[in-house]
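Here's a quick briefing on how two chains are built and how they meet. Have the structure open while you read.

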Amino acid sequence: MDKNKYKALVDKHCPKENRLYNGLIAFIVGGLVGVLGQFLVDIYSYLFSIPTKEASTIMIITLVFLGCFLTCLGFFDKMVSFARCGLIIPITGFAHSMMSATLEYKKEGIVTGMGANMFKLAGTVIMCGVVSAYFFGLLRYLIMGG
Amino acid sequence: MIYFNAFLFAGVVCLIGQIILDNTKLTPGHITSLFVVLGSLLDAFDIYDKFVLWCGGGALVPITSFGHLLIHGTMDTVSNFGVMGLFTGMFDLTSAGIVSAIVFSFVFGLIFKARD
């Protein structure tokens, strides 16, 4: 069988993903996480009577906590495979990637397992963020003077 | 109204990510990195601040706000200490997210086991 025919056959039998459905789910779940974030900011600034900026810091910590805790209980993997980018793009995805890498390598010990592999997936976010922020900051400093 | 804006902004960011994930061969790691770079680019020209003003928590939840906070901390220290601020102030505002993620991962990693 030549290559093109084989490829056509494989394509025919691959499970088709419904892109519209995936996008809709990601939109709704991501939007709900955004609403939850805003809700937490409002609640915290009302309860502790602190400015919005500090409340948003506590909100981020809460979401990271939720992401880590639900990953430990095993719910979050199923939720991520259902909502995909709806939960990967928010800060919960960052927490999830760190937590799952930590749990996966736990058996290799604290230093060579957890410590060395914690940033296996999340390290790219920090590297790209720091490098881009450095150069964009430098650019802005040179053009606008800070 | 701010809740509707938050829903719309966070939803649209996630939708763009999902469209990229479905139609290209990029992994979620590529997409989150791309969004961080995009966030810092938007904030270098003061655009992301308007999103934060307009949709509050909805703009702070997606990973784009990580790049936004990196640039923000940097520019705050640059305006006080000059070009050395690029090195000293980068993590001023993002440290909450990073430190909490590391501490929770470590503590929960000690307590829980991997489930498979």
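Two residues count as being in contact when their C-beta atoms, placed from the backbone, lie within 7 Å. On that basis, 56 residues of chain B touch 62 residues of chain A. Keep in mind that this is a predicted model.

**Where the chains meet, seen from chain B**
- The elements of chain B that put two or more residues into the side touching chain A are α1 (2–23), α2 (28–44), α4 (57–60), α5 (64–81) and α7 (95–111).
- The top contributor to that side is α1(B), with 16 residues.
- Sorted by class, the side of chain B that touches chain A has 37 nonpolar, 17 polar and two charged residues.

**Chain A overall**
- Taken along the principal axes, the C-alpha atoms of chain A fill a box of roughly 70 × 40 × 40 Å.
- Of the 146 residues in chain A, 42% are buried.
- If you take the contacts in chain A with a separation of 6 or more, 52% of them involve residues 24 or more positions apart.

**Chain B overall**
- Chain B has seven helices and zero strands, and its elements run α-α-α-α-α-α-α from the N terminus on.
- The C-alpha trace of chain B spans about 50 × 35 × 35 Å along its principal axes.
- Buried residues account for 50% of the 116 residues in chain B.
- For contacts in chain B between residues at least 6 apart in sequence, 57% link residues at least 24 apart.

**A helix pair to look at in chain A**
- Helix α2 (residues 19–47) and helix α3 (residues 52–73) of chain A have axes that come within 8 Å and cross at roughly 125 degrees.
- That makes α2(A) and α3(A) oblique to each other, and α2(A) passes α3(A) in a right-handed crossing.
- From α2(A), the contact uses A:G37, A:L40, A:V41, A:Y44 and A:S45. From α3(A), it uses A:T52, A:A55, A:S56, A:I58, A:M59, A:T62 and A:L63.
- Which classes make up the contact of α2(A) with α3(A)? The residues there divide into seven nonpolar, five polar and no charged.

Note on methods:
Residues are numbered from 1 along each chain as its sequence is written. Chains are lettered from A and ligands numbered from 1 in the order in which they are written. This is a predicted model: local features need pLDDT of at least 70, side-chain atom pairs count only at pLDDT 80 or more; totals for chains, interfaces and linings use all residues. Helices (H or I, at least four residues) and strands (E, at least two) are DSSP runs, numbered from the N terminus. Ala, Val, Leu, Ile, Met, Phe, Trp, Tyr, Cys and Pro count as nonpolar, Asp, Glu, Lys and Arg as charged, and the others, Gly among them, as polar. A residue is buried if 20 or more other C-beta atoms lie within 10 Å of its own, exposed if 12 or fewer, and partly exposed in between; C-beta atoms are placed from the backbone. Axes are lines fitted to C-alpha atoms, for helices over the stretch in contact, and angles run from 0 to 180 degrees between N-to-C directions. Angles under 35 degrees count as roughly parallel, over 145 as roughly antiparallel, 65 to 115 as roughly perpendicular and the rest as oblique. A crossing is left-handed if the near helix is turned anticlockwise from the far one by less than a right angle, and right-handed if clockwise.
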